[in-house]
Amino acid sequence: MSGFKHKCPMCNFYMGSFKPYGFDLPVMYEKQVVGGGRRENARCFICGCLDRERLIYMFLKHQTSLLSDNIKVLHFAPETVLSRKLKSIFSHYITADLNAKNVDMTIDMTDIPFPDEHFDLIIANHVLEHIPDDKKALNELKRVLKSMSGLAILQVPISLNSEQTYEDFSIDTDEGRLHAFGQEDHVRLYGNDYGDRLKQAGFDVQVFDWKSSRTLYPKKKNKFGFIAQEKIYIVKNTRN
Ligand SMILES: [Zn+2]
């Protein structure tokens, strides 16, 4: 772990590498799933944050002005380190989950108990692939997101060699879902049509590649230990 090749932007410690995290299944290789499976350089030795938490934090910090704003934030299935960080920054910050107990509110994403256009920022990292009616969830997210200025970050595992999202509700056992979708509680595996699905829900979609940023990819080095092929899906509610 010792060395200076990498830096964790959450705890600011330098290290030679991050820790491996995750486990692999054949489906992860076969479908080239980004955001799932085993990664060699994933968990921080010091603070314990994961690659995908670091990416979202660095995106918010360097590609938006949101971290300095007095905004209303809703964070689904909050990652521990990212959540702690955001809680220290925002005064209107709510964590939510359908099953987990250590959150502010129990919320079903298909029925969000907030008025229209309430939130400036919504984060849902690896949540939609758990929800059978993801269209309804997207409609709800759009409803509670402020139009024009509001922004949501909706990350999911994506199969890079699948054009279409794979969904089969007849697969209804833990083992079946594990083999088909890569995790016992996933109900689909998104493909390259993920952005189109977000557009169909009425969002404007922007796809951010961290390799396009000199700050996130300094000297073309993966200094912060991001997932090489992960892109951030940012959606806005700019349509009527
Ligand atoms: Zn750290």
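Which residues coordinate the zinc ion?

1. A word on the model. This is a predicted model, in which local features need pLDDT of at least 70 and side-chain atom pairs count only at pLDDT 80 or more, while totals for chains, interfaces and linings use all residues. Residues are numbered from 1 along each chain as its sequence is written, and side-chain values use heavy atoms, with hydrogens and water left out.

2. The zinc site. Cys8, Cys11, Cys44 and Cys47 coordinate the zinc ion through their SG atoms at 2.3 Å (donors are N, O and S atoms within 2.8 Å of the metal, or 3.2 Å for Na, K and Ca; water is not among the atoms, so sites may look incomplete). Along the chain, the donors follow the spacing C-x2-C-x32-C-x2-C.

3. What the site joins. Cys11 sits in the loop between strand 1 and strand 2, and Cys44 in the loop between strand 5 (39–43) and helix 2 (51–63), so the pair ties together parts that are 33 residues apart in sequence. Helices (H or I, at least four residues) and strands (E, at least two) are DSSP runs, numbered from the N terminus.

4. Buried or partly exposed? Cys44 is buried, at 2% relative accessible area, whereas Phe13 is partly exposed at 45%. Buried means under 20% relative accessible area, exposed over 50%, and partly exposed in between (1.4 Å probe, protein chains only). Phe13 belongs to the loop between strand 1 (6–7) and strand 2 (14–15).

5. Helix 5. In helix 5 (residues 174–181), the buried residues are Arg177, Leu178, Ala180 and Phe181. Gly182, with a positive phi near 95 degrees, follows helix 5.
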